[in-house]
Every structure is written in structure tokens, then in C-alpha cells.
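Let's take a friendly walk through this structure, one topic at a time. Have the sequence and the 3D view open as you read.

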Amino acid sequence: MPTAAALLDRIGRPGDLSLGTARPEPLGRLPTGLAVLDEALGGGLPRGRIAELAGAPSTGRTGLACAIAAAATRAGETIAWVDPQDALEPEAAAAAGIALARLLWVRPRSVSDAFRAAEILLGAGGFGLVVLDVDAPRAGAGGWPRLARAAERTRSTLLVVALRREAGTFAALGLELGARRVRWSGGPGRLVLLEGIDARVTVARSRIGRPGQALVVRQACA
Amino acid sequence: MPRIACLLVPDLPVAAACRADPDLAARPLALSEGGGPHAPIVAAAAAARARGVRAGHTVAQARAIAADLVVRPRDEAAERSAVRALVDVAASLASRIEAAADGAVFLDAAGAAHLVPSEAGLATALVARAARVGLAARAAVGGSMTVARLAALHGGEVVPAGTELGFLAPLPLARLAPPSEIAATLERWGIRRLGDLARLPVAEVATRLGPAGAALVRAARGEDERPLAPEALGGPLEEAIGLEHALDALEPLLFVLRGLVERAVARIGLEGIGVARLGLALGLDDRSRDERTVPLAAPTRDVKTLLTCLRVALEARPPRAAVERVALAAVPERVRAAQLGLFSPAGPSPERLATTLARLAALCGPERVGAPAVLDSHRPGAAAVAPFTLGAAPEPPPLTGCRLVVRALRPPRPVEVFADRGRPDFVRGEGLGGRVVGAAGPWRVVGEWWSDGAFARDYYDLELSDGGIYRCYRDDGRWFVDGVYD
């Protein structure tokens, strides 16, 4: 049982005048659907912030992005996928668990249009997650600050899936996918199939959580 | 005995012109058939008639009579829109409706008994709803279309059953607008009132004046030539206007569109439904037409949202010439009331989503914005795009863990594959290449053999020394990569 003095210290003594006491709202979290990743990130991706997911081809970044999108649509969120490379396969997305009816698929014809589309979606509000799937995220002058402000204003999470992290300090979270192990089934005399990969995910940047923490996410073929 | 209501607008051409351009309402307005000083005046507003302007005058004669006369060409598109607006008003209270060629609308008054307590209430409601769509109308109820029309022209009232002859008797013959020869003959006979005409034997009149004369006698008795013929209702609402001067700038065109959208929304609002899709047809001054469709994510009656979507569509693809005529078609659909969950995310509002989709379509192309759809095809990577709408939440798919998905390469990328003992050993192509360090396949995928898109491919999953895992296929001896596992 706290003492009266401790309680008064917590709630403020009579006559206390505090200027600028507006406390920042606690950062909401968008669960990724992967328990090990949510634990490492303090509950999930930060809402209203930019998160980056970077890695070389075939390191599992798209699969991980699909898993995050699937968790969001399962929670009832309306999400958007900005895809200037026209790389999304609806059948693969559905197999990954994404509710396609809740996914707005936008295919701009250039990277600059992709950033513009992401800004429009973030500004509209109501989209819990906006995935920006670009190889080289060149936002142009003032691009990252505008996106960060739009995300914060509408509490939408912008997940940038790219080969490299480019947002710098404007991203609240950076995940990097690196060395991975490819799993093949079968062997000599037996049918060989691609089973999946074990992707190594490193929390390269995080304002809340433990930067530098690494974990392995197993991704299986459908 | 049927009970028919008639809803009409006196001076429909003038009323339609004032509905399209409210600034004309207080001015001495005359409508001409065509342009130029010799064009005949076909209709004149009350203020112009008070100055002595009449139908039949030429424009020059009319201007000589009234120096401040405002002359506009007759706008038949606006008149059609006004008549359809009257039909919508009638449809909001009855289901059996017929629109006459002169713009009068007849409805079966018996069908409205559950909505309004009396026939007088029905007439009042019709007039009030017509005012909401911008028309000063008159309404009356009688035992036939003829009686109801004459009562409406008389000022609007309810003619109780069994009193039709008494109501019609004192009315002048001119109310039936008889042909001039027949009118002259009846004048010589001393027939000046409908009551006098009604007492004449039909057969005798038919012998002397022909079928037109017989029809006049029956009309004087309040009889219709045929019963009410209801027309099919539903379909898009159309609002149209012909422009006095061709418009080649966006802002004035949007100003005109605002009026059309507001009138369309007022008509749609009569039935509590929203606009699901807009169709815009622009008549250009190079004699061509610009037709486009503006889809909406959810039915809405918000004028600002509809105008924003139209603006975005016009900014993305401006008309190639100045605009002379504008026709707007609003496809109606019931506004869906969505039950939000207490703990589920609200999602984007229908109005914001509509403008967002319009902006994205203008940026990327309308065919590149939508919800992904799985095609019923064996072709790997097959994709389609469906319209994105807000609707009932679908049943969430079961949890699948984290999947290794394929990033499609569209179009498939041709590569060179060097084989060793029949197995792929080295792959080289644009942006990828290396020795094969892991392989699965081949498996044959065949499909669409009945169409021009028939395919038969041998697929492989190949891990290369460059670190990539690729989905490759061989088609008729040629190799392609159409996906990257990621």
C-alpha cells in the first residue's frame, strides 16, 4: 500500500502548477501475428510511424510483409499495398492469410508515383497498414518527413519493404533480413521440393525495444 | 373506380431553363428555337409575357417589345431532366407512373394510400417534393388522367369521385386545346364550354368532325382514351444541360457540374438511396463526345465527395475540346448502413475512400487500383483486379504462420539456362545469374488449352549462387523466370 506521500507525488500536490504537462499518448502497436517478433518489438509495429523491412532478394522480406498484412486484415484492419513493380501475386497473398477483400492493391508506374500514392493513402486515414513495396525507396526532397507526418496524423503504419533502409531517422523501426538457410525436402532417389527458408531478422533500429536483437523466422512454402 | 394524380409544371420549357440556371428566374426570359434575330420565340416567362412578348414572335420582334428581354435557346436536354425529376418525385409516392409527352406525370393515387392520409395530402406532398428538386409544380387528383390534368391546369385540387362532370362543365373549350378547324366549327355551333360539348352525342360528332371530334367529346366527359400505362422505373438518373457558350476551362465546367450533381442528389435523396457510380457525357465543340465513368467505393449522397471525384477524373484526363453539352448520369444504389463493432477498427469512411480511390485512379490508371482477385486458372502468377468496396467483413482465413511467397516478374524475364546431363546447371539473365545450387522440378503445368492463351510449361524452383531463389519455366525450348521466392 503506497504511502500518502507517494500518492501525492504521483498525482500532484495541491497548488502544483505544471506547464506543458500534456503527456504523449502511448504508442499503439500493430501486431505482426508472429509471437517471437511481437515480443522483440514490444507488441508489434508502432502505429502512426514508419517501419522499414529491408533485405536482399529471397531473404524473406515479402513473406514477412505478407504475414504482417495477414495479421492486420485478420484483426479487421483495412490495408493498402503500393506495388510499383506489380510483384504481388493474389494467390500467394491469399495463401499467406491476407483477406483480399480488405486489401487495396495500388500499382503506380514509377517509384515517385508510388511515394505519392502512399502519401494519399496515409492522408486519407482509415488504413491501419500501408505497405510500400519498392526496391530502392528514393523519396525525393521532403518525401520522408511528409510521409512521417501523414502517418502520425492518421495513426496509420507505413511499412516500407525494400532492398535497403533509406528512411533514416524518420523511421521508428528498421528490420533487416540477412543470411538465411534454404530448406529442401527429399534427397537422392526422392522427390525434391522447396520447403522454405529460415530467415534471420535483425532489429536494426527501434525507438522502443531492443536494437540489435536477432531472431529467426521460419517461412514455409504453401 | 381509378383515382389518378397529375403532376405538371406550367411553362415547362421556362421552368426547366430556370432550374438549370437559377439566375434566370427573376428575369424576363424568352426561349427561342435556334439562334439569330429571326428565330421564333417558343416560350416566355411571366415577366416577359407581362411586357407583351408572346410565343410566335421572332427574337427581333420580342427585343423590340421588351428591351431588357433575356433570350436563351430552348434546352431540350434540361427539359428532359426536369421531366425525369418529376417522374422521380412521383416514384417516391407511387409505383404506377406514366410520363406524358408534354411533361405531365400521372400516377395511380391508390398506390400512395399507405404513405399519405388523403388525396389532398398526396397533392400537397407532390408539390413539396417537386420544389425540393427545383420545380414549381401543380398537382391534382381525379377519376381519370383527363380530369386530373385539367384540374392541375386549373390550379390544382382534388375532384371527388362522381363530381367530374360538374367540375368540367364550366371550363372553357380552349382547355382541351382542340385543333383550329374543329374549334372554329364548335364555335359556330355555339359550343363554348366543356359541359356543352359533353352533352353532344359521340357518334354524331364523329360523323361530322371525325375521330378527333369524338375524342374531344369523351374528354369533355372526363373519359380517357386508354388507361394509365405504367412505365418501368429505376435505372440511372440523368441531369443534362446545354451550354450557351462552350467551356474550355475546368473551373467553369465544375461550376456547371455542381448544379447537376446537386439536382441529381436531390432526386436520389427522395428515395433515401445514394449514388453508386457517375457517368459523364460531354458534348464537345468538335462534334465529338467525351464519355467516362467515375466509380465510387460506396454509395453516397455527399455532393462534395461526388464533385471531388469528378474534378480528379477531369484533371487526369481533360476533355480534348471545349464543352458544349453536359449530361450526368447517377446510378442509384441503396446506402448501406454498416454496423461497426465496438472493438474493431472503423476503416476509411465511404466519402474519404471515394475521393482517395479517385485520386489513385488518376495517378496510376483506373485499372491499376482495386482489390486483388484470384483467377480460376492453373497459370502461376495469374492475377485480376476487382473493384475495392467497403462491405461486410469477410470471414478471416485461418492462421497459416509465415509463408515464403513468390514475387511475380511481369512480364516473365527470358534467361539462358545451361544444362548438365539434362538438369539446369547455370542460369544467366538480366539482373540475375549464377550456378544452380539447389533445384526442384520439373513439373508440368498445362492450361487454357481451349483458348488463344493455351500454355504448357515445365516449371523448376532454382536456388542460384547469387542468393536468389527463382521460379523458372521452359516453354517450347525457351527459358523464362516469372517469379522470385522472397
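## Salt bridges between the chains

Chain B and chain A are joined by five salt bridges, a salt bridge being a side-chain nitrogen of Lys or Arg within 4 Å of a carboxyl oxygen of Asp or Glu. One pair to look for is A:Asp86 with B:Arg410, whose closest N and O atoms are 3.2 Å apart.

Before going on, please note that this is a predicted model, in which local features need pLDDT of at least 70 and side-chain atom pairs count only at pLDDT 80 or more, while totals for chains, interfaces and linings use all residues. Residues are numbered from 1 along each chain as its sequence is written, chains are lettered from A and ligands numbered from 1 in the order in which they are written, and side-chain values use heavy atoms, with hydrogens and water left out.

## The interface as a whole

How many residues of chain B are in contact with chain A? The count is 56 residues of chain B, and they touch 67 residues of chain A; contact means heavy atoms within 4.5 Å. Together the two chains bury about 5100 Å², with 59% of it on carbon and sulfur atoms. Buried area here is the accessible area (1.4 Å probe) that two parts lose on being put together, summed over both. In chain B, the residues that lose the most area to chain A are B:Arg368, B:Cys402 and B:Arg407, together 15% of what that side buries.

The interface also holds 24 residue pairs in polar contact, both residues at pLDDT 80 or more. A polar contact is a pair of N or O atoms within 3.5 Å; within protein, one must be able to donate a hydrogen and the other to accept it, and residues adjacent in sequence count only if both atoms are side-chain atoms. Helix H13 (350-364) of chain B gives the largest share of the side that touches chain A, eight residues. Helices (H or I, at least four residues) and strands (E, at least two) are DSSP runs, numbered from the N terminus.

## Strands that pair

Strand E5 (residues 103-106) of chain A and strand E12 (369-373) of chain B run antiparallel and are joined by two bridges. Two strands pair if DSSP finds at least two bridges between them. In this pairing, A:Trp105 stands opposite B:Gly370.

Chain B also has a closed barrel of six strands, in the order E14-E15-E16-E17-E18-E19, with antiparallel pairing. Within chain B, strand E17 (residues 455-464) is linked to strand E18 (residues 469-475) by six bridges, and B:Leu462 has B:Tyr470 as its bridge partner.

Most residues other than glycine have a negative phi, and most peptide bonds are trans. Where are the cis peptide bonds? One joins B:Arg410 and B:Pro411, with omega about 0°, and B:Pro411 is in strand E14 of chain B. Another joins B:Gly441 and B:Pro442, with omega about 5°; B:Pro442 is in strand E16 of chain B.

A:Arg155 has a positive phi of about 55° although it is not a glycine. You can find A:Arg155 in the loop between helix H6 (143-154) and strand E7 (157-162) of chain A.

## A salt bridge inside chain A

Over all chains, the count comes to 45 salt bridges. One of them pairs A:Glu119 with A:Arg146, the closest N and O atoms being 3.1 Å apart. A:Glu119 lies in helix H5 (residues 111-124) and A:Arg146 in helix H6 of chain A, so this pair ties together parts that are 27 residues apart in sequence.
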